Amino acid sequence: MPVTYGYKAIVHQFLSSWSASADVLALAKLEVKLGLIPEGKNMTFKWRGKPLFVRHRTAEEIAREQAVTPASLRDPELDTDRCKRPEWLVVLGVCTHLGQCFTVTAVTIQYSFIEKLTNRNFK
């Protein structure tokens, strides 16, 4: 019976080493005060070391993006499926090139802009 408890302690220690540390868990949380972002503007935040773009879209932007046919997009998905609340667009920037990341500031983030980024060849 004591051997079983010993194995249990070893397995428990091994599995608990897989859990995220406190500093990693702290990086996973981000609170954004949406009321500070005026309509038609966007803000960039850092989340898990990646840029997070939040845009407060205008009615014209929402109508224009909802008029886009999904078949014309690289990742065909309706605007209503991409945005739970149409006035807010949240996009996570991910660098897929080894050591070649880019920074985007003060731009209008729209699906057409994201399409241009995915079609561009970064060297």
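1. In this predicted model, strands E1 (residues 42-47) and E2 run antiparallel and are joined by 6 bridges, with Lys-46 standing opposite Pro-51 in E2. The two strands form a hairpin with 2 residues between them, and Arg-48 in the turn has a positive phi of about 55°.

2. Strand E2 (residues 50-56) also pairs with E3 (residues 88-92), again in the antiparallel sense and over 5 bridges, and here Arg-55 stands opposite Leu-89 in E3. E2 is mostly covered, since 5 of its 7 residues are buried.

3. In helix H3 (residues 59-66), the buried residues are Glu-61, Ile-62 and Glu-65. They lie on the same side of H3, because the arc they cover around the axis is only 100°, whereas Ala-59 and Glu-60, on the other side of H3, are exposed.

4. The structure holds 4 salt bridges, and one of them joins the side chains of Glu-61 and Arg-55, with an N to O distance of 2.5 Å. Both partners are covered: Glu-61 counts as buried at 8% relative accessibility, and Arg-55 is buried with a relative accessible area of 4%.

5. Asp-79 and Arg-57 form a further salt bridge, their closest N and O atoms being 2.9 Å apart. This pair links distant parts of the chain, with Asp-79 in helix H4 (residues 79-82) and Arg-57 in the loop between E2 and H3, 22 residues apart; Asp-79 and Arg-57 are both buried.

6. The salt bridge of Glu-87 with Arg-85 has its closest N and O atoms 3.3 Å apart. Glu-87 is partly exposed, with a relative accessible area of 26%, and Arg-85 is likewise partly exposed, at 47%.

Notes: Residues are numbered from 1 along each chain as its sequence is written. This is a predicted model: local features need pLDDT of at least 70, side-chain atom pairs count only at pLDDT 80 or more; totals for chains, interfaces and linings use all residues. Side-chain values use heavy atoms; hydrogens and water are left out. Buried means under 20% relative accessible area, exposed over 50%, partly exposed in between (1.4 Å probe, protein chains only). Helices (H or I, at least four residues) and strands (E, at least two) are DSSP runs, numbered from the N terminus. Two strands pair if DSSP finds at least two bridges between them. The arc is that of the directions from the helix axis to the C-beta atoms.
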